[in-house]
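Please open the model in a viewer and keep the selection panel at hand. The stops below are arranged as a tour, each beginning with a selection.

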Amino acid sequence: MPPLLSPLRGSLRPPFLFHHHRQMAHILSRAIPSPPSAAFSSNPTFSHSSIPFRISSPSPKSYIFGGAFRLLCRENERFTKPFGRILASQRGYRKLRRQRQAKRKEKQLELSVKICIEEELPNDPEMMNIAEMLRLDVPIAMKLAFEGLKDSEYKTRDATITDLGGFENVECSVLLCNDEFIRKLNKEWRDEDHATDVLSMSQHIPELKLPILMLGDIVISIETAARQAEERGHTLLDEIRILMVHGLLHLLGFDHEISDEAEVEMEKEEELLLKSLGWKGKGLIQSAYDAGTNSNSHSENPDDRKKEGSLRFYKPKFSYIFCDMDGTLLNSKSQISAITANALKEALSRGVKVVIATGKTRPAVITALKTVDLVGKDGVVSEFSPGVFIQGLIVYGRQGRRISKRTLDPDICREAFHYSCKHEVPLIAFSEDRCLTLFDHPLVESLHTVYHEPKAEIMPSVEHLLASAEIQKVLYLDTAEGVTTALRPYWSEAVGGRANVVQSQADMLEIVPPGSSKGSGVRTLLDHLNVPAQEVMAIGDGENDMEMLELASLGIALSNGSEKTKAVANVIGLSSDEDGVADAIYRYAF
């Protein structure tokens, strides 16, 4: 048995409630279908049972879950007894009549239920509605379950809880959480490092002889429940109700894991209770067999990566994600995969803003992302969205308005084109949304057909080119060997302090204005948006991404990136061909 006290357990209950009990924690099985709940009476007293029940809501302060959770209860819903004596003569009744009323008055067992939502769950309307429904469902399920204990003939149930006549109050808590939380809890309680759908933890200590039956806690991963509900074709509310019933039966001493007979008995009680509640379903145990799975099956997830479609159950850690294009969002085929596109859409749907920071022009980004429906008002890029383009030399702010523009020294441009003509190395000049060159070449054409840039305009002369546009940067296209052995050494020395030489791809070399960088463009945009760097996650691969990664609160370099870039990053992610951006979003952004 692991040590009883730990920070995680301390968040669930005060130390004096810890005890050695075989019912302390169970991994419960998966879900089964059930219909919408039957209508319930608003009357909080169940007078038709052998032991009358009444429902109360606890104080908004949760002694079980402490301050780490939102507790769904209101003080004025608690039903309390009046204090002090009232004489018969003051009430206007004869003493005999009052005594007869006292004889008829039955003892009521108060059901006190706490419905809690773990703080890391976002304020999702569906989850809040389910939590409110549970405030009605849980007490009624408890009442029916207690009634089922009377005169029951189950042989395998732990009968520690049988006679409720000695208790004045029964307390039970239900906590809704995500997979990350329940995985930690499962590791702490059972030393099993994976998420599950439900954990049930008893608080009952028979030796204390308390007037309060502290039944225990039912912890439900609403994230896992949602997946199971989708798999089995019913609603999330149905799924959570079924998990709650299964967890409640564990708290009452049922345990399908100890023997085949125990499994049969718990399965039978599940079916009876669900039927009594008006919720369709065979019970979790039988449902697992029907699905051809083991009742204790679970989805292995050996790391902290969230599953696709699960971000709705987590709060964003960052308000902005700045992302490079070539070698990052785009794979080695200059395409964005469906997996990466879906991850971006999911992040956007959770309120995270994705901003492109690239050496490309804005039209090139729009063309590339249009193929996966990420262009427009609700997408990643449009003519009205902020972004950092052409290595930070063009920056667009709110409403897509240009807030920064820098140009390259015309003398540098002139020298670069003369070198291009002399050595027959293709060179492209970038001017905001245009690409200009002096001669056609297959590599020039590939910039358009492969890298999505605007088709290059062939100009008649260097002077004509310089007169027709302001140039932000020039880009050489060559082999990786040609860039390494000839272009980079020559231009690193030739530009002196008049320009910077940068490299984003092995077979490309860029010359940009001095002191400029993608990182400086990102900083300009953050200042414009009044967003602190602490709210930013950045993803890139090239040397031109280094400053951006260092600026962000979390900088992620993909494994296909340069060694220099990986050296400054906080994290090295998967490659662009392995959907590195999607992996980073599911692993780190929420």
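**Conventions**

This is a predicted model, in which local features need pLDDT of at least 70 and side-chain atom pairs count only at pLDDT 80 or more, while totals for chains, interfaces and linings use all residues. Residues are numbered from 1 along each chain as its sequence is written, and side-chain values use heavy atoms, with hydrogens and water left out.

**The whole chain**

Begin with a cartoon of the chain, which holds 19 helices and 22 strands; these are DSSP runs numbered from the N terminus, helices being H or I of at least four residues and strands E of at least two. Of the 590 residues, 55% count as buried (buried means under 20% relative accessible area, exposed over 50%, partly exposed in between, with a 1.4 Å probe and protein chains only). Among contacts with a separation of 6 or more, 70% join residues 24 or more positions apart, where contact means heavy atoms within 4.5 Å.

**Helices α7 and α8**

Select residues 236-251 for α7 and 260-277 for α8: the two helices pack at an angle of about 130°, with axes 10 Å apart. That angle makes α7 oblique to α8. Axes are lines fitted to C-alpha atoms, for helices over the stretch in contact, and angles run from 0 to 180 degrees between N-to-C directions. Angles under 35 degrees count as roughly parallel, over 145 as roughly antiparallel, 65 to 115 as roughly perpendicular and the rest as oblique.

Now show side chains: Ile-242, Val-245, His-246, Leu-249 and His-250 of α7 meet Met-266, Glu-269, Glu-270, Leu-273, Leu-274 and Leu-277 of α8. The residues of this contact comprise 7 nonpolar, 2 polar and 2 charged (Ala, Val, Leu, Ile, Met, Phe, Trp, Tyr, Cys and Pro count as nonpolar, Asp, Glu, Lys and Arg as charged, and the others, Gly among them, as polar).

**Helices α12 and α15**

Next select residues 410-423 (α12) and 480-494 (α15), which pack at about 150° with their axes 13 Å apart. The two helices are therefore roughly antiparallel. Glu-415, Ala-416 and Tyr-419 in α12 meet Leu-487, Tyr-490 and Trp-491 in α15. This contact divides into 5 nonpolar residues, no polar and 1 charged.

**Helix α11**

Select residues 362-370. Which residues of α11 are buried? They are Arg-362, Ala-364, Val-365, Ile-366, Ala-368 and Leu-369. Their cover includes the strands β10 (353-356), β11 (387-389) and β12 (394-396).

**Asp-577**

Centre on Asp-577, in the loop between β22 (571-573) and α19 (580-589). Asp-577 is partly exposed, at 48% relative accessible area. Beyond its neighbours within four places in sequence, Asp-577 is in contact with Asn-331 and Ser-332. A polar atom of the Asp-577 side chain lies 2.9 Å from the backbone nitrogen of Ser-332. Gly-327 is 250 residues from Asp-577 in sequence, yet 8.5 Å away in space, C-alpha to C-alpha.

**Two positive phi values**

Most residues other than glycine have a negative phi. Select Ser-334, which is not a glycine but has a positive phi of about 60°. Ser-334 sits in the loop between β9 (320-323) and α10 (338-349) and counts as buried, at 7% relative accessibility.

Finish at Glu-432, also not a glycine, with a positive phi of about 55°. Glu-432 belongs to the loop between β14 (427-431) and β15 (434-437) and is partly exposed, at 22%.

Methods. A polar contact is a pair of N or O atoms within 3.5 Å; within protein, one must be able to donate a hydrogen and the other to accept it, and residues adjacent in sequence count only if both atoms are side-chain atoms.
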